[in-house]
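Please keep the sequence and the model in view while reading.

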Amino acid sequence: MALVNDSRLQQQPTQKDAADQNFDYMFKLLIIGNSSVGKTSFLFRYADDSFTPAFVSTVGIDFKVKTVFRNDKRIKLQIWDTAGQERYRTITTAYYRGAMGFLLMYDITNQDSFNAVQDWATQIKTYSWDNAQVILVGNKCDLEDDRGHRSFRFQFFEASAKDNINVKQVFERLVDVICEKMNESMDGDANLMSNHRGIALQDAPPENHGGCGC
């Protein structure tokens, strides 16, 4: 995938979902984690219901748009796929600003990617706003026999982009958590909802709600 620049941001979203302005809210979501944990495959499975076994490293950042209906609301999701390599970190962390939710992903067969979860969580705390919601995703549960570890204290979803396990459920749960947080904050902070009604393109993990179906 090519590096996203300002001109591309203005030109890329030509598909129907991206052009559609008939929505109640727009949520900016980021998928983050080490390189090769399956972030791009996860996004393509959710947005396009497609999967390719070929690995192509994301360069910089890319995104897709998907409109969903949750809680009687039409919600436009702007989902950013970030590069995991250190050399792109300055680029990718710039996109944390304004994000309402994060999928923090690791590969269940790669211990290093799991060990890096805390570092990614620290980046979220450093570069995003305080109310950003986070779901931890252990991807590639179709490779159960190659699992690098057996248990840990984080509450999370295990999922598989390849076998389409818990992909939709992960995104739905993240959207629901954001909506719940917005509802809780309506009386205390009227700006929370207005701040995320049409975000410009340039701009402790939750409870366990899923397990691997392998």
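How many of the residues of H3 are buried? H3 is mostly covered, with 7 of its 10 residues buried; buried denotes under 20% relative accessible area, exposed over 50%, and partly exposed in between, for a 1.4 Å probe and protein chains only. Helices (H or I, at least four residues) and strands (E, at least two) are DSSP runs numbered from the N terminus. The model is predicted: local features need pLDDT of at least 70, side-chain atom pairs count only at pLDDT 80 or more, and totals for chains, interfaces and linings use all residues. Residues are numbered from 1 along each chain as its sequence is written, and side-chain values use heavy atoms, with hydrogens and water left out.

**Helix H3**
- The buried residues of H3 are Lys39, Thr40, Phe42, Leu43, Arg45, Tyr46 and Ala47.
- Their cover includes strands S1 (25–33), S2, S3 (73–82), S4 (101–107) and S5 (133–139), together with H7.
- Aspartate 49, with its positive phi, follows H3.

**Residues with positive phi**
- Most residues other than glycine have a negative phi.
- Aspartate 49 has a phi near 50°, a positive value in a residue other than glycine.
- The loop that holds aspartate 49 runs between helix H3 (39–48) and strand S2 (61–70).
- Asparagine 166 is not a glycine either, and its phi is positive at about 65°.
- Asparagine 166 lies in the loop between strand S6 (157–158) and helix H7 (167–185).

**Exposure of these two residues**
- Aspartate 49 is exposed, because its relative accessible area is 52%.
- Asparagine 166 is buried, with a relative accessible area of 11%.

Technical notes. Contact = heavy atoms within 4.5 Å.
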